[in-house]
Amino acid sequence: MGITADALLFDNDGTLVSSIASVERCWNRWAAECGVPASEFAAVPRHGRTAAEIVADLLPPPRRAAGLARIHQLEFDDLPGGVVPLPDTAGLLALLPRQRWAVVTSATRRLGEARLRAAGVDAPLVVAADDVTRGKPDPEPFLLAAARLGVAPERCVVLEDAPAGLAAGRAAGMRTVALTTTHRAEELSADLVVPDLSALSVQVTAVGITLAARPGEAVSGRGAIQHADERLPS
């Protein structure tokens, strides 16, 4: 079983690359510098959301601009050695026509593109936090990417590791593939759930790009692919 589409829209961190350790290091330092209580910091979801949204949840309005500038600088300064490609990122992307894929990130363009470069990823199109007024889980980022590629939303597949990104893809009317790189399978609602990009096979034909799970790539013992309408055992 596979999914065929005209374009693939990839999240960046947790999907193509990993900078999770760097992100956690920077946000923890930021919270300490800004005097954010640990309980409040722990209660705010961060993965898959823009820095502006996170800062707005944690700081009062007069401090938000300075707080946002500080986390941007911390993350950029922590780039060296803080970003690595995830399994089969280069191999999978090499199979795709460049006009048929894009990266859709909740990071700023400066930071997102720097992370891609650090991991050796040459993206033909990047949609970043700077390009939208509403970030994931709003569908705006993915809809913008589809429009810039000239592909109908229903002919796109979103590849994501975060619930917010998967929700954005569904809201955009796109099919979704979830990767369990940062969340457990039972936390992810998608058309397909696989461990990471190396668990996918890709075929490019005249009718589109077909994604399928490789044989033996089990998710929680339920087979190569976990369908969103099935329930994983607890």
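Which residue stands opposite Val 204 in S11? I looked, and Ile 209 stands there.

**Ground rules.** I am working on a predicted model, where local features need pLDDT of at least 70, side-chain atom pairs count only at pLDDT 80 or more, and totals for chains, interfaces and linings use all residues. Residues are numbered from 1 along each chain as its sequence is written, and side-chain values use heavy atoms, with hydrogens and water left out.

I checked strand S10 (residues 200-205) against strand S11 (residues 208-213): they run antiparallel, joined by 6 bridges. Strands here are DSSP E runs of at least two residues, helices are H or I runs of at least four, and both are numbered from the N terminus. Two strands pair if DSSP finds at least two bridges between them. A hairpin of 2 residues links S10 to S11.

**Sheet.** I then traced an open sheet of 6 strands, in the order S6-S5-S2-S7-S8-S9, with parallel pairing. Strands S6 (126-127) and S9 (192-194) are its edges, each pairing on one side only. Inside, S7 (residues 156-160) and S8 (residues 175-179) pair in the parallel sense over 4 bridges. I found Glu 160 opposite Ala 178 in S8.

**Helix pair.** Next I looked up H4 (residues 61-77) and H6 (residues 109-118). They pack at about 15°, axes 10 Å apart (axes are lines fitted to C-alpha atoms over the stretch in contact; angles run from 0 to 180 degrees between N-to-C directions). That makes H4 roughly parallel to H6 (roughly parallel means under 35 degrees). In H4, Gln 73, Glu 75 and Phe 76 meet Arg 110, Leu 111, Ala 114 and Arg 115 of H6 (contact means heavy atoms within 4.5 Å).

Definitions and conventions
Parallel < 35°, antiparallel > 145°, perpendicular 65-115°, else oblique.
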